[in-house]
Amino acid sequence: MKVFVTGLGVVSALGVGVNANFKALQKSITGIGLNTLLKGLTEPTYVGELDLSNQDMKRMLGFSKNDGIPRTALLGMLAAKEALGNTILNGERSGFISGTTVGGMDLTEDYFKEAFDNEDHKKVLSIKTHDLGTVTNFIANFCGNPNYVNTISTACSSSANSILLGARMIRAGLLDKVLVGGADALSRFTIHGFRSLMIYDNQPCKPFDAARNGLNLGEGAGYILLENDTSISQTKNNIYAELSGWNNANDAFHQTGTSPNGDGALKAMKGALNAASLNPTDIDYINAHGTATKNNDSSELNALAILFKKQQIAFSSTKSYTGHTLGASGGIEAVFSILSLKNKCVFPILNWLNLMEQKFKQPVTTYQVNVKINNVMSNSFGFGGNSTSLIFSKV
Amino acid sequence: MDLKEELKQHLIEQLNLEEVDAADIENDAALFGDGLGLDSIDALELIVLLDTHYNIKINNPEQGKEIFQSVNSMAEFISQNRD
Amino acid sequence: MNNYMYSSSAISTIGNSTEANLLQLLIPIEKNKALIEPAYKEFINPMLLRRMGKATKMSVVCALKCLKKVDVTNLNAIIVGTGLGAIADTEKFLTIASQQGEKILPPTSFIQSGHNTIAGQIALLLKNDSYNMTHVQQGLSFEYALKDAVLSVQEGAQLALVGAVDEYTPLLQNFAERLKLEESVKNQLLEGAAFFTLGGSPKKAIAKIKAVSISSFKSVRDTLIKELSKFDLRLEDLSLGFVGYNLAKATIKELPFKTINYTNYTGRFFSSSAVGLHLATHFLQHAETDPQYLAVINIASKNKLGLIIVERV
């Protein structure tokens, strides 16, 4: 049973909506800059921040300014609304699967900060929205009344895995339509966390560059609507692409580092190709994970070199536009991959100057149109060795 | 207390080495790889240790490779760089 | 396709008793909150153990015990459910980060705080490169993980390891007080873990998973009737029901089978239904009356319940 993509929704540092994001990608305009809305950092930090406050987003979504809604949920609702369009997400065979790592942490960490300086018992309500499931429920209830509502949290591959799970549910005949992807807001917790690992660049990140020095975090949400033929005959939605292949594998090398040859990445990519009945030569463009950390980019490039050998494969990382959006990255990058497919274009990497040590072919550095693109691969690799590869194909 | 003995206590505490006694750690034994078996996360914790207890800040994790070879090399670095 | 269970292991207030009369040995949670824990050092190398929070330690030991009974080389899927993840490490890093200002922060509790650290550590220990997933959906995390495991087996996985875990911390208890949660919830908060191995072959199976479902409910009885009918079962086919309450309670009207409120003995935590399944499976193996079908009914919230039907083999 084929799985089709019939809706796209995205929010990131590039703006709200597919059009705003696409325009920025076409024009090589980055969304990364010094933090403005996120407060309380000890030094100015390069982040991919959406320039809308929580109050702004609540207003846009029709909530009261006093409603205690975590930023991750707000980002998620904006993107989910766009992806659904006129489709109503209800019925026993409908679902919503969201990937996230941050959940309600923005409200929780504000509470922790105040709890240590000044305990205020009324504010304790803000920790009720901490857990990931609650944030997913917010978005699900906003979208309608889907039957299957679930959250996947596997670090940076969270929303890619949500997409994978949704596809499996459709293929197994358990669901007919499912909104999948994920959301993550910026938080001091994650910024401090990546700084403590000493993989946060004090400058705008440089994925796949020899002089790369770490990642910049970003925030956002990306959702795609998956449907089978039965559902499409009712919704009459247009088809953007087919989700033709998917795979999840584990690197099993280290808690946070990847194996030198990206074993998990390689297994996931091969698995996705297998699932799609495609060969490496059938892939026209790869939206790589490319976080700009020394370790990830090196392992990932080695894995690409092993799989694609001498093939002239176009690849880039869009994290130089959005920052690393953690749990949302798989969803946001799925949308970008489909834009590439639909518009026959490839997006350039930003801030790239020098080939890495491996001397594998260089990433795409200028925006290209009229490119023959039949199949796009989108990769997401997270802590805990979690490696996921998705393939979107032209219909 | 002797700097090296103090350092071993800090090591055990910072790295959560509950099963290890200070007496078990030889001054010149390799801390990483085959010696004590520490890894890259421990290297980051040792950077925190240098900051917390000796006010020495290391900004590049790559510097750690030489400094953290053994208790001896750590003690020498601390003596030369502490406030 | 059939889903067979080959082994099960739990860490809770109830030990892995081989007593046939396990149910008579249950002590109400208000009188006993002590977990029966293994000597973790005997299972995990100290250099690895020092990097594991409570949830990870409990899960790894349960996983290792489960896998002793099967051929681990066949393991194709590692799936974990958790409602709050590694909450103790989250609290620790939050506290460090809020207090430390400009200092360089220690990374260990941040690394350990990720929700998928549990499944990741299990894979790392076993050097297992297969499908690895973490479901985080409050009181239904285990049911979603179990549904995923069942799907994996259907897709061809020879062996799936699935389980769930949640931690208890004094801060959680503190929040429960401040949020003025119901007395029964506040008094029963605890922690625990349970893991199982599943596959499609009936060889050496200890039980069968007949059904896993998650549904909205107004009346528990009506929802049970509806869900059971999807599996060609009726209420009368069930011998015993293990009922657990999470954040909510529900009045369950007139069921034609006896029920045991397992959260009264295991305590309440988001993953408690995993321990409920472990109890039910144990009972199935040892009961003299040879029950055919047992139900684990998880009242996850005031309008959602999880249902697992386990069958004798």
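A polar contact is a pair of N or O atoms within 3.5 Å; within protein, one must be able to donate a hydrogen and the other to accept it, and residues adjacent in sequence count only if both atoms are side-chain atoms. Between chain A and chain C there are 21 residue pairs in polar contact, both residues at pLDDT 80 or more.

This is a predicted model: local features need pLDDT of at least 70, side-chain atom pairs count only at pLDDT 80 or more, and totals for chains, interfaces and linings use all residues. Residues are numbered from 1 along each chain as its sequence is written, chains are lettered from A and ligands numbered from 1 in the order in which they are written, and side-chain values use heavy atoms, with hydrogens and water left out.

Start inside chain A. Contact means heavy atoms within 4.5 Å. By that rule, 64 residues of domain 1 of chain A and 59 residues of domain 2 of chain A take part.

The size of an interface is often given as the accessible area lost when the parts come together. Buried area here is the accessible area (1.4 Å probe) that two parts lose on being put together, summed over both. Domain 1 and domain 2 of chain A bury about 4600 Å² between them, with 70% of it on carbon and sulfur atoms.

Charged pairs link the two domains too. A salt bridge is a side-chain nitrogen of Lys or Arg within 4 Å of a carboxyl oxygen of Asp or Glu. Domain 1 and domain 2 of chain A share 2 salt bridges. The side chains of A:Arg212 and A:Asp297 form a salt bridge at 4.0 Å, N to O.

Several elements build the domain 1 side. Helices (H or I, at least four residues) and strands (E, at least two) are DSSP runs, numbered from the N terminus. Those of chain A that each supply at least two residues to this side include β1 (4–12), α1 (18–26) and α6 (158–171). The most comes from α6(A), with 9 residues.

Now move to chain A and chain C. Here 58 residues of chain A are in contact with 54 residues of chain C. The two chains bury about 4600 Å², and carbon and sulfur atoms give 61% of it. On the chain A side, A:Arg168, A:Phe189 and A:Gln255 lose the most area to chain C, together 15% of what that side buries.

Chain A and chain C share 5 salt bridges. A:Glu92 and C:Lys230 meet in a salt bridge through their side chains, at 3.4 Å, N to O. On the side of chain A that touches chain C, α4(A) gives the largest share, 7 residues.

C:Lys41 and B:Glu19 form a salt bridge at 3.7 Å, N to O.
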